[in-house]
Amino acid sequence: MAELVKIFDTTLRDGEQSPGASMNPEEKIRVAKQLERLQVDVIEAGFPISSEGDFQSVRRIAREVKGVEIAGLCRTDLPDIDRCWEAIREAEVPRIHTFIATSDIHLEHKLRKTRAEVLRDVARAVAHARRYLENVEFSAEDATRSDPDYLVQVCRVAIENGANTLNIPDTVGFTTPEEYALLIRLIREEVVKNNPVVLSVHCHDDLGMAVANTLAALREGARQVECTINGIGERAGNTAMEEVVMALKTRKKFYGLETRIVTEQIYPASRMLSKITGVVVQPNKAIVGSNAFAHEAGIHVAGVLKNPLTYEIMKPETIGLASNLIVLGKHSGHNAFRDRVKALGYELDDAALNKSFKRFKAVADKKKEVFDEDIEAIVADEIFRAPDRYHLISMNIATGSEMIPTATVQIELEGKILRGASTGDGPVDAIYQTIAEITGTKAKLLRFDINAITGGADAQGEVTVRLSEENYIAIGQGAHTDILVASARAYINALNKLEHLKHRGAEVRSPGL
Ligand code: KIV
Ligand code: ZN
């Protein structure tokens, strides 16, 4: 019988720390619900003391997401732990995850503490957390650059005071598979021994070895993997959940390990996260990249047609890559649309489903075939909208090779119609200048991406923009068969999100790590 490995997902905490990946509370709930469908074992929902916004999100996830442990992160300071407990206490199974750095470089330059002081902090923090609950995880930040003997001492203190999960992070992505395996072996032999403690690993990808390091640690007895969807996270990111899960599944005989993950939910999760954060997945990314199951070379294509096993080690369906065999069109009804949306991993309430269906019909009138990617774009555009302050009423563009592009735009704001016209370097610039002028907003455009969602001249365009204002960054998306309308929608979506962020007064990134 294969042994079980716990999947601890930190997309909403470490993942959210990746540049530009901040999410609003609604978006975090959507991701958390998708993690529930994936059947991860633990969701690290946030770092409650870092901001009021983070606290509220963690508390909401603890209340609303079922069948999975909900962890909150906290430093070893007692007020951090109290705040964390407040945020997670209503979860079915709450977990306090407390951490402190153990490498000399962190002790000297960041914490300005001695080794003895850190040992005392660990003992006090874990014992304090245990007064609230049994489920306490301790992490030795920068463990892989710590003196191994001191690390062993720290881990022993954490266990003696009641930690039941011991996490050994490679915080700066410095280690290698062989070296990490030895460190995990040391902690297993010297600290864990016969204690009922779960040994956990948490790797960063600075040298591109996070997944390899994680797998090497599993071979040495680690039984919890901390990871994120699409591998997002600080700097070069964290261990990619889909890569570890599929490696264990595809090479089950070799590893003799399994997870509870519903692998068919992997692709929907990847797409959802990318849509929400605007962080695109590189085409050649393992498992979830758009080329991961694409065959180009003639010999490969011929082989796959004869027998997919020739060049495919996994079936695309296993990760929920819906085959495009069922294509919807203008004769497809509400039920067929609802079933497809569900198969793609989205749960919509009636209002969002009806609105999406209307848009689907409009697209189907313009396109012969509506592919899964079109449906995803419509649904995502509909459900990932922040509560709107600005609504696009109409836009017209005059453009051509011999004229200055001019946009005329009408927007509704709190029942009033704002109208104006402006020129720009190109039609998109003209639209954005006009929107900024009539709304009086001063957002800076950091990034503009456009994608044809499917092939063909009648494809929908999907635009993603990243705007910043003051300390806030928001990502907006819009999809339409007319790319200029998609561009306007994306910009207005981002403006609405900025409004939401400003209103919430949330910090863009969690401080302290
Ligand atoms: O990378 C790291 O060390 C962390 C800890 C807080 C677990 O994210
Ligand atoms: Zn980390």
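Trainee: Two strands pair if DSSP finds at least two bridges between them, and strands are DSSP runs (E, at least two residues) numbered from the N terminus; in which order do the 3 strands of the open sheet stand?

Mentor: The order is β14-β15-β16, and the pairing is antiparallel. Because β14 (444-452) and β16 (472-480) each have a single partner strand, they stand at the edges, and one side of each is left without a neighbour in the sheet. Neighbouring strands are turned by 15° against each other on average, direction ignored, where the axes are lines fitted to C-alpha atoms and angles run from 0 to 180 degrees between N-to-C directions.

Trainee: How many bridges join β14 to β15?

Mentor: There are 8 bridges between β14 and β15 (residues 461-469), and these strands run antiparallel. R447 stands opposite R466 in β15.

Trainee: Before I go on, what sort of model is this?

Mentor: It is a predicted model, in which local features need pLDDT of at least 70 and side-chain atom pairs count only at pLDDT 80 or more, while totals for chains, interfaces and linings use all residues. Residues are numbered from 1 along each chain as its sequence is written, chains are lettered from A and ligands numbered from 1 in the order in which they are written, and side-chain values use heavy atoms, with hydrogens and water left out.

Trainee: Changing topic, how many disulfides does the structure hold?

Mentor: It holds 0 disulfides, a disulfide being a pair of cysteine sulfur atoms within 2.5 Å.

Trainee: Is C155 buried or exposed?

Mentor: C155 is buried, at 0% relative accessibility, where buried means under 20% relative accessible area, exposed over 50% and partly exposed in between (1.4 Å probe, protein chains only). C203, with a relative accessible area of 1%, is buried too.

Definitions and conventions. Two strands pair if DSSP finds at least two bridges between them. Helices (H or I, at least four residues) and strands (E, at least two) are DSSP runs, numbered from the N terminus.
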